[in-house]
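Please examine the structure shown below together with its sequence.

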Amino acid sequence: MSSSLISTSNGSPACGDHHFTSEPTSIHSALIEEIHDIPMKDISRPLPSTLDETKVESIIETIQTMNSDRLPPIDVLWYEAPNSGNNYYFAMGGCHRWEAHKRLNLPTIRAKLIQTTLNDLKVYFGSSFFNLQ
């Protein structure tokens, strides 16, 4: 992956969707410029979302009538298992953008990858943590 990835030890599980802006959506990815098209099927969303239907419908309309590039990318935690080299992707926020892409059956979503550690993931998931190989 890119050297522009930064490590983080604190993150926000909140849905901080602020669409139609070119400003960073979080402090975690503010220094990351590289945007990736990540397959939706590869990203886990371990936290349940509380959705505002009006926001989801607005984002769907934007994607259908304009260009999804107008939406800020979601932040995705990226962990590469050292022994296997397997990549794991976790989205904690961006729930409205995620849901709009899901409802439209889009294969990918624009994301900024935030490299994370196994210890950070244990903090995020607590007792719900599972073995990543």
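A search of the whole structure finds four salt bridges, a salt bridge being a side-chain nitrogen of Lys or Arg within 4 Å of a carboxyl oxygen of Asp or Glu. The model is a predicted one, in which local features need pLDDT of at least 70 and side-chain atom pairs count only at pLDDT 80 or more, while totals for chains, interfaces and linings use all residues. Residues are numbered from 1 along each chain as its sequence is written, and side-chain values use heavy atoms, with hydrogens and water left out.

One of the salt bridges links E53 to R103, with the closest N and O atoms 2.7 Å apart. E53 belongs to helix α1 (residues 53-65) and R103 to helix α2 (residues 95-103), so this pair ties together parts that are 50 residues apart in sequence. Helices here are DSSP runs of H or I with at least four residues, and strands are runs of E with at least two, numbered from the N terminus. Both partners are partly exposed, E53 at 39% relative accessibility and R103 at 33%; the term covers values between buried (under 20% relative accessible area) and exposed (over 50%), for a 1.4 Å probe and protein chains only.

R103 also meets E99 in a salt bridge, at 2.9 Å from N to O. These two residues are four apart in helix α2, and are thus separated by about one helical turn. E99, at 15% relative accessibility, counts as buried. Salt bridges with shared partners join E53, E57, E99 and R103 into one network.

Another salt bridge brings together the side chains of K41 and D42, at 3.1 Å from N to O. Here K41 is exposed, at 72% relative accessibility, whereas D42 is partly exposed, at 32%.

The strands come next. Strand β2 (residues 43-44) pairs with strand β4 (residues 87-90) in the parallel sense over two bridges, and pairing requires that DSSP find at least two bridges between the strands. Within this arrangement, S44 stands opposite F90 in β4. Strands β3 and β4 run antiparallel and are joined by four bridges, and Y79 stands opposite Y88 in β4. β3 and β4 form a hairpin with six residues between them, and G85 in the turn has a positive phi of about 80°.

Strand β5 contains T108, which is partly exposed at 30% relative accessibility. The C-alpha atoms of T108 and P39 are separated by 4.2 Å, although the two residues are 69 residues apart along the chain. Leaving aside residues up to four places away in sequence, T108 touches D37, I38, P39, M40 and H101, where contact means heavy atoms within 4.5 Å.

Which residues make up the largest nonpolar core? The twelve are I38, M40, I43, I74, V76, W78, Y89, A91, W98, I109, A111 and L113. Such a core is a set of buried Ala, Val, Leu, Ile, Met, Phe, Trp, Tyr and Cys residues joined through side-chain atoms within 4.5 Å. The elements that give two or more residues to this core are β3 (74-80) and β5 (108-115). Apart from this core lies another, of ten residues, including Y79, F90, I114 and F125. In soluble globular proteins, nonpolar side chains tend to be buried together. A91, from the largest core, touches I43, S44, R45, P46, I74, D75 and V76, again not counting residues up to four places away in sequence.
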